[in-house]
Amino acid sequence: MSHSFFNLFLISLFLYNNCIAHHYTFTVREVPYTKLCSTKAILTVNSQFPGPIIKVHKGDTIYVNVQNRASENITMHWHGVEQPRNPWSDGPEYITQCPIRPGSDFLYKVIFSIEDTTVWWHAHSSWTRATVHGLIFVYPRPPQILPFPKADHEVPIILGEWWKRDVREVVEEFVRTGGAPNVSDALTINGHPGFLYPCSKSDTFHLTVEKGKTYRIRMVNAAMNLPLFFAIANHSLTVVSADGHYIKPIKATYITISPGETLDMLLHADQDPERTYYMAARAYQSGNIDFNNSTTIGILSYTSSCKAKTSSFSGYYPTLPFYNDTSAAFGFFTKIKCLFSGQVPVQISRRIITTVSINLRMCPQNSCEGPNGSRLAASMNNISFVTPSHVDILKAYYYHIKGVYGTRFPEFPPLIFNFTAENQPLFLETPRLATEVKVIEFGQVVELVIQGTSLVGGGLDHPMHLHGFSFYVVGVGFGNYNISEEDPSSRYNLYDPPYKNTMTVPRNGWIAIRFVADNPGVWFMHCHLDRHQTWGMNVVFIVKNGREPNQQILPPPDDLPPCYE
């Protein structure tokens with residue numbers, strides 16, 4: 001074989017392998033799963049729960065063909081992937097696309113850019129993400145190296161929730177009645193409830209480690225409605241990244257992780273190998289509402305441990321903060337700092353201030369199941385977002401279709417009051433129903449302040465997720481943000497704030513984030529507690545095109561799912 005022919009063969013083989021590696025097929029179908037003494041059919045990807053792991057290098061572009069072979073609509077979102085100029089593949093239903101209907105396919109083009117570590121994917125239509133989700137491992141592209149010691153092994157951990165009932169029934173009931181959704185029946189680690197739950201002795205996540213080795217845990221909180229505390233008995237964790245970006249390492253005996261957030265942690269197997277150690281997760285819940293207060297347990301044992309081969313469940317349990325320990329939750333959140341300093345935009349060109357609230361809407365003859373016969377709702381700046389039902393917002397924007405959305409989302413709270421007072425006037429509780437977006441010029445430096453309120457039950461924590469961007473969390477506080485202050489930057493961290501895509505607004509508190517609007521498109525922002533998203537705690541940002549060709553939205557794909565009037 002000649003050298004030239006052999007070299008051509010190697011190049012062809014390389015291109016072929018690269019092509020295969022960058023194409024995925026996700027087949028969505030219903031599969032029966034048995035948990036907590038009962039069996040039900042759940043939506044899965046490739047019959048897996050949790051779903052398959054995607055592995056990419058920084059800056060890759062991949063293609064995921066989603067085949068809907070289920071009986072309900074589906075879309076996919078690539079959470080934490082900025083998708084530069086490509087909102088067509090971002091995924092939220094009726095925001096950037098119409099759904100993939102049963103029997104149909106759609107090829108997602110997923111463009112990675114600045115993401116360095118773990119992000120994730122999940123369904124983004126109704127509550128389908130309850131079982132349709134999975135991790136994305138991002139690796140540095142050689143010759144780049146990790147800024148922390150390379151681990152011997154990688155361990156995916158997905159924290160989630162499980163309902164005995166069909167999740168579609170849970171959603172249908174609380175939307176119809178106006179009340180709160182039924183809380184889940186179990187928490188899970190990698191889909192396993194753990195031996196504390198009925199019929200779950202054999203349905204317990206088990207991690208076997210080798211003494212002296214280091215394990216990189218890639219974690220996401222995929223729970224629908226619960227921030228969680230997590231710990232492993234007798235083992236400290238070194239947190240090295242959050243939401244796909246490196247952070248200054250944090251030594252932690254426990255972590256707090258809200259729905260939508262990802263964390264990378266180094267676990268050093270340095271304990272007595274003859275002992276068994278438990279990992280555990282349970283809710284952080286500061287509000288006065290019903291919630292799942294159970295605990296999911298996993299087992300960590302060493303390869304040399306005799307107990308790893310027994311059915312004994314005697315071992316060391318971790319110590320977790322109490323359910324409503326806000327100081328513990330935000331004590332962890334506020335330790336997260338960006339690894340690289342001096343990257344925060346100092347001069348802003350636009351400040352937007354918005355409230356996030358739980359609300360009430362009146363029902364005829366007080367016939368709903370919310371407080372005093374009302375219907376529960378949620379809002380941003382007193383607008384409860386109404387999701388379109390026939391044409392998605394991106395298509396309406398791109399093709400200039402009128403009547404789908406308005407552009408009057410307030411820059412400032414329309415009602416100024418003591419947002420965190422114990423007792424609030426009743427007239428503040430009723431929001432306006434509308435589909436309002438906020439239009440932003442390309443290149444503007446936006447500061448967004450999100451203020452929690454105490455309306456309807458005293459307020460809650462809200463993990464807010466922004467599609468299309470990562471942002472700097474320059475400020476976090478409790479109580480009322482001083483909205484009349486012209487320059488609040490003296491209270492901010494402009495040196496090394498965390499760089500994230502999801503951040504929790506504290507109960508009766510606020511956060512301030514900054515980002516440069518350099519990604520043209522239609523981008524969803526919403527609370528990642530799905531009951532709040534369902535109730536309307538959402539807004540859409542439309543970032544206009546820039547002047548240069550590389551500052552404009554890419555053209556739509558040919559196989560975009562059709563909309564139906």
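# A guided tour of the predicted model

Begin with Cys-98 and Cys-563, which form a disulfide whose sulfur atoms stand 1.8 Å apart.

**The disulfides**

With Cys-98 and Cys-563 still selected, look at the torsion about the S-S bond: it is about 100 degrees, so the disulfide is right-handed. The pair links distant parts of the chain, 465 residues apart. Cys-98 belongs to the loop between strand 5 and strand 6 (105–111), while Cys-563 lies in the segment after strand 32 (538–543). A surface display separates the two partners: Cys-98 is buried, at 0% relative accessibility, whereas Cys-563 is partly exposed, with a relative accessible area of 22%.

Next, select Cys-37 and Cys-199, which are joined by a disulfide with an S to S distance of 2.0 Å. The torsion about this S-S bond is about 100 degrees, so this disulfide is right-handed. Here the bond links distant parts of the chain, 162 residues apart: Cys-37 in the loop between strand 1 (23–35) and strand 2 (38–45), and Cys-199 in the loop between strand 10 (186–189) and strand 11 (206–209). Cys-37 counts as partly exposed at 46% relative accessibility. Cys-199, at 55%, counts as exposed, because the exposed class begins over 50%.

Then select Cys-363 and Cys-368, a disulfide with its sulfur atoms 2.0 Å apart. Its S-S torsion is about -90 degrees, so this disulfide is left-handed. Cys-363 is buried, with a relative accessible area of 10%, and Cys-368 is buried as well, with 12%.

Show the disulfides together: the count comes to three. Counting bonded cysteines along the chain, the pattern reads 1-3, 2-6, 4-5. Two further cysteines may be selected. Cys-338 is buried, with a relative accessible area of 7%, and Cys-527 is buried at 0% relative accessibility.

**The annotated histidines**

Now select His-79, His-122 and His-528, which UniProt lists under "binding site". These residues are spread over 450 residues of sequence, yet they cluster in space, with a largest C-alpha distance of 12.0 Å.

Centre the view on His-79, located in strand 5 (residues 76–79). Is His-79 buried or exposed? At 1% relative accessibility, His-79 counts as buried. Leaving out residues up to four places away in sequence, His-79 touches Val-119, Trp-120, Trp-121, His-122, Gly-260, His-465, Asn-501, Thr-502 and His-528. Display the side chains of His-79 and Asn-501 to find a polar contact of 3.1 Å between them.

Move on to His-122, in strand 7 (residues 119–123). His-122 counts as buried at 1% relative accessibility. Apart from neighbours within four places in sequence, the contacts of His-122 include Thr-75, Met-76 and His-77, as well as His-79 and His-528. Arg-129, Val-132 and His-133 are also among the residues in contact with His-122.

**The aromatic rings**

Display the rings of the aromatic residues next: the whole structure holds 29 aromatic pairs. One of them is formed by Trp-127 and Phe-174, a tilted pair at 5.4 Å centre to centre with 50 degrees between the planes. Trp-127 lies in the loop between strand 7 and strand 8 (133–139) and Phe-174 in helix 2 (residues 167–177), so the pair ties together parts that are 47 residues apart in sequence. Both Trp-127 and Phe-174 are buried.

Continue to Phe-229 and Tyr-254, whose ring centres are 6.0 Å apart and whose planes meet at 75 degrees, so the pair is edge-to-face. This pair links distant parts of the chain, 25 residues apart: Phe-229 is in strand 13 (residues 228–232), and Tyr-254 is in the loop between strand 15 (245–252) and strand 16 (255–257). Phe-229 and Tyr-254 are both buried.

For a group of rings, select Phe-26, Trp-78, Phe-106, Tyr-108 and Trp-121, which form one aromatic cluster.

**Charges over rings**

Finish with two arginines. Select Arg-218 and Phe-137: the charged end of Arg-218 sits over the Phe-137 ring, 4.3 Å from its centre. Then select Arg-282, which lies over the face of Tyr-323 at 4.7 Å from the ring centre.

Conventions: Residues are numbered from 1 along each chain as its sequence is written. This is a predicted model: local features need pLDDT of at least 70, side-chain atom pairs count only at pLDDT 80 or more; totals for chains, interfaces and linings use all residues. Side-chain values use heavy atoms; hydrogens and water are left out. UniProt positions are given in the numbering used here, feature names are shortened, and annotations may be inferred rather than shown by experiment. Helices (H or I, at least four residues) and strands (E, at least two) are DSSP runs, numbered from the N terminus. Buried means under 20% relative accessible area, exposed over 50%, partly exposed in between (1.4 Å probe, protein chains only). Contact means heavy atoms within 4.5 Å. A polar contact is a pair of N or O atoms within 3.5 Å; within protein, one must be able to donate a hydrogen and the other to accept it, and residues adjacent in sequence count only if both atoms are side-chain atoms. Rings of Phe, Tyr and Trp (its six-membered ring) pair if their centres lie within 6.5 Å; planes under 30 degrees apart count as stacked, over 60 as edge-to-face and the rest as tilted. A charge sits over a ring if NZ of Lys or CZ of Arg is within 6 Å of the ring centre and within 35 degrees of the ring normal. A disulfide is a pair of cysteine sulfur atoms within 2.5 Å.
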